[in-house]
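Me: I have a structure to go through. Can you take my questions as they come?

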Amino acid sequence: MYTVRTGAARICARITTTLLTTTLLATALIATVPLSTNAAAAPDPTTTPPAVANTTGEPDGPPASSPSPTPYQGWNTYYGLGGDFTADEVLDVADFLVSSGLADAGYDIVWLDGGWQDDIPRGADGILRGDTERFPDGMAALADAIHDRGLRAGIYTDAGPYIPGSCGLGSGGHYQTDADTFAEWGYDAVKVDFLCGIAADLDPQDAFTAFARALRDNSSGRPMIFNLCNPVTSPDWGDYPEEQQSTWSWTYAPDIAESWRTYTDVGFVGQIQFKDVLRNFDANARHPGVAGPGHFSDPDYLGPELGMTTEEFRTQMTLWTIAAAPLVIASDPRTLSRPSMDILLDDDVLTIDQDPLGVQGTRIGAAGTTETWAKPLADGSVAVALLNRGDRPAEVTTTTRDLGLRGRSFAVLDTWTDHRTQSAGTIRAAVPAHGAALLRVTPDRHHGVPRLVATPPAVTAIGDDTVAPTTDLLATAGDRLTTEVTLHNDGSTPVRRPEVALEAPEGWTVRPAGPAPRVVRPGGSATASFTVDVPADAGTGGYDVAATVSSRGVPAGTTPPSRVTIAPAAPSGAGVVLSHHPWVSATSGWMEPTVDQSVGGGNPLTVAGTVHPTGLGVASPSQVRYGLGAACTRLTGAVGIDDAVDTVGPEGGTATFDIVGDDETLWSSGVVERGVELSFDVDVTGVRDLILRVGDGGDGGYNDRADWLSPLAHCG
């Protein structure tokens, strides 16, 4: 059965952290005796562990009776409040954690980050002290007030010595004193940074091991969670030996800490972006075999509403859950919307993160735009994340055999929708752009509601012209689109008379384009087709088209939306300056794309000493999209790294350039280095959708000022 629905559906720098390069002499005395000798037995970083069975045994390290046998949860001041927070603000957030249900859901640590200390952080008596104006009753009184609310208290310091002007707080030379002080004040968790440590050129393993011993041997005998936070990475911070970087912490941290940071910060105060979430997740995934109950890899904090969409934050929550990561809220929770709160409070998701087996999930199969990640659970089921890193919705599929499960029937719980279905062995989901499905798959002999998965609507024709099926179409007002929705039955019983409803924006006309599917057999597929007429007066911008599916009146789900973007009028004439034509969309790795100027400084576009009056300046990664409407035949111009990079330094300054027409790469530059101008002359006959894409050249985006020079479109 077909249903047609319409409704309004239109939607409307990075600043790299640096440290002082001046050599600083530290007077801290650091013990070098490790807490254990198991680090030498850690997995070889050059090997890839098996996908699911890599951590079925418990690694050496803090025992399950540690202060954090499962990944801890809480809230930290840094990203949401910055470094100038007060006792009143902290306690107000603590009250919200209780009243909102976040504390009951496990977010019970109120964690002070850097900024709690006095301007001169250590008194004449050698004891750390808080800012007396912002914490007038003292740090012990604040911990007591947090405890009075049924919560735990966390605090922050650094493993290096305090260095005025370089880092605001350091425990170097005072490890035992500070550990005793934190315990006496009543703190339950300590985050130990390495800003002072790297400024003083300390060895992080020696420093953190000594600090860990001091915490374990505190004079009050108080159990305290130790979050080892070395955020130093290359090239993000500079050129550091591997042993000084966060990516080396896995070799020793599992034996001394409840958690250890696996990469640099996931963002900045008030800003966490999806690309950096993926970066930190990938770094965190390198050594899953060393994590387990009582000791967990830490990819940094959760960032709802700090720069990500709701979908992107749901994906971060999914990935952190699969990774058995600590769940620490970075935002000010008092400001969060209902959707963000629902993500944080989802019982099924939290149960997976808090699973007592403590296994860190791993990737099944190859890395790519779409991926499958799996995490074995204590009850014999497997949590599965079907990840879509791409900018378009996608179908992601795996099998129970690939997940290490055996049997003929499986119960599948979609944790985000609460849908419960039955699969015969195929595990599939239609996943939004930048999205992830989180499923719990359990062997089950009962045949419940068969799992029916609908793909996002795919446009297969514009008028009489067939196009490659796409869920991200560039169209013009007045177009007629042919759209298909494919149904997959992954269950063991037939699905009869499925009902498919296509939802389009208000004013768009939708009609069935053929007979409705009568039955979708087990393991089979069926297609529902529609025609969609775009109004002649449709404004430029993006519009969503989605489908809902049900069977015998029981909802089977709603597909992720496909995007139809109405482009500005195509360029017309010979030698149109493309940078002066309105783009459909444009992104830049940091700041915004600039027209006829180098990105980041307002300088003229200059490559190898030659100034170009027209073009685009971007930072990698970048994508600038134009609608050509099949009206042009040639695109000419040049590319290069802007000479402005030489005023910044020798690091970075490489990029790749690609010209993509209707999803086909028409021209690629390869890696372009500074001082080189490379020309292009590309046939764009028949191209409707043109993308100018810039990549980072494989060395990260630092100092990548990339220029599209004198781009001319030759159009009829």
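Me: What should I know about the model itself?
Reply: This is a predicted model: local features need pLDDT of at least 70, side-chain atom pairs need pLDDT 80 or more, and totals for chains, interfaces and linings use all residues. Residues are numbered from 1 along each chain as its sequence is written, and side-chain values use heavy atoms, without hydrogens and water.

Me: Which residues of α8 are buried?
Reply: Among them are F313, M317, L319 and W320.

Me: What follows α8?
Reply: A324, with a positive phi near 50°.

Me: Which residues have the most contacts inside the largest nonpolar core?
Reply: W116, L142 and M317, in a core of 110 residues. A nonpolar core is a set of buried Ala, Val, Leu, Ile, Met, Phe, Trp, Tyr and Cys residues joined through side-chain atoms within 4.5 Å. Helix α6 (residues 204-216) gives the most to this core, seven residues.

Me: What is M317 in contact with, leaving aside neighbours within four places in sequence?
Reply: Its partners include Y107, L302, I343 and W416. Contact means heavy atoms within 4.5 Å.

Me: Now the whole chain. How many helices and strands?
Reply: 10 helices and 48 strands. Buried residues make up 56% of the 716 residues.

Definitions and conventions. Buried means under 20% relative accessible area, exposed over 50%, partly exposed in between (1.4 Å probe, protein chains only). Helices (H or I, at least four residues) and strands (E, at least two) are DSSP runs, numbered from the N terminus.
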